[in-house]
Amino acid sequence: FVILAEFHVFLSSLKNLVNVSNNLSGNSVNASLWTLPYEFTCYIFLMTAGIFSLLKNKWLILSLFITCFTLFFFFKEENDRIIIPLIGIDFKNFTILFLYFMSGTVFYLFRNEIVFHPVGLITGALLTLLIKLELIPVEFFVFVLPYFIFYFAFTKTIRLNAIGKRGDFSYGLFLYSYPVQQLIILLIPFEINFPVMIILSFLF
């Protein structure tokens, strides 16, 4: 909480120092920060599950995950705009993000049973195509995307698991990118297309 408070003060001072009001999203220094309350809430759940030893029963966590997925799938229209008090997060957004978080938790708990094989990768690609063609509901990507991520993260044929030693290329990059892009838009006097923005912001 202290770190987040200090970061908020820093961003506020940065906003006063740099006037980005003429930018497309001029009233925001770092819109990516909207994800932090959702992430923090997921960590609170994980801590609570650990305190009560729920993580020791992987089948219980799997059952909880499937239950949450089923409820969201059948009642997603019912919780369209429910704002959770105090933390102020949108319940519908939180539910789908929480399902991805839970999916990662299940993958970890069943890491010795899950086999990462090219057949699984091909199956996931076919499911992705069916989702893209709207033959399968998009919610089922909750099962597919984590498999892709863990497959490429831990495969021995593609050495990606050591890339973090050279910098934070995941969530950190997502958080840092927005203020950098705001400054690029502010300082460069002509309009930048999407590919050029990707290259410049990634370099900085």
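Leaving aside neighbours within four places in sequence, Thr35 is in contact (heavy atoms within 4.5 Å) with Tyr171, Phe174 and Leu175. This is a predicted model: local features need pLDDT of at least 70, side-chain atom pairs count only at pLDDT 80 or more, and totals for chains, interfaces and linings use all residues. Residues are numbered from 1 along each chain as its sequence is written, and side-chain values use heavy atoms, with hydrogens and water left out.

Back to Thr35. Its place is helix 2, residues 35-51. Helices here are DSSP runs of H or I, at least four residues, numbered from the N terminus. Thr35 is buried, at 11% relative accessible area. Buried means under 20%, exposed over 50%, partly exposed in between, with a 1.4 Å probe and protein chains only. A polar atom of the Thr35 side chain lies 2.9 Å from the backbone oxygen of Ser32.

Next, the helix pair. Helix 2 packs against helix 4 (residues 91-109) at about 50 degrees, axes 10 Å apart. The axes are lines fitted to C-alpha atoms over the stretch in contact, and angles run from 0 to 180 degrees between N-to-C directions. From helix 2, the contact residues include Tyr38, Phe45 and Leu46. Helix 4 brings, among others, Phe94, Phe98 and Met102.

Last, two loop residues. Most residues other than glycine have a negative phi. Ser53 has a positive one, about 60 degrees. Ser53 sits in the loop between helix 2 and helix 3 (58-75), and is partly exposed at 35%. Glu134 has a positive phi too, near 65 degrees. The loop between helix 5 (118-132) and helix 6 (141-154) holds Glu134, which is exposed at 71%.

Methods:
A polar contact is a pair of N or O atoms within 3.5 Å; within protein, one must be able to donate a hydrogen and the other to accept it, and residues adjacent in sequence count only if both atoms are side-chain atoms.
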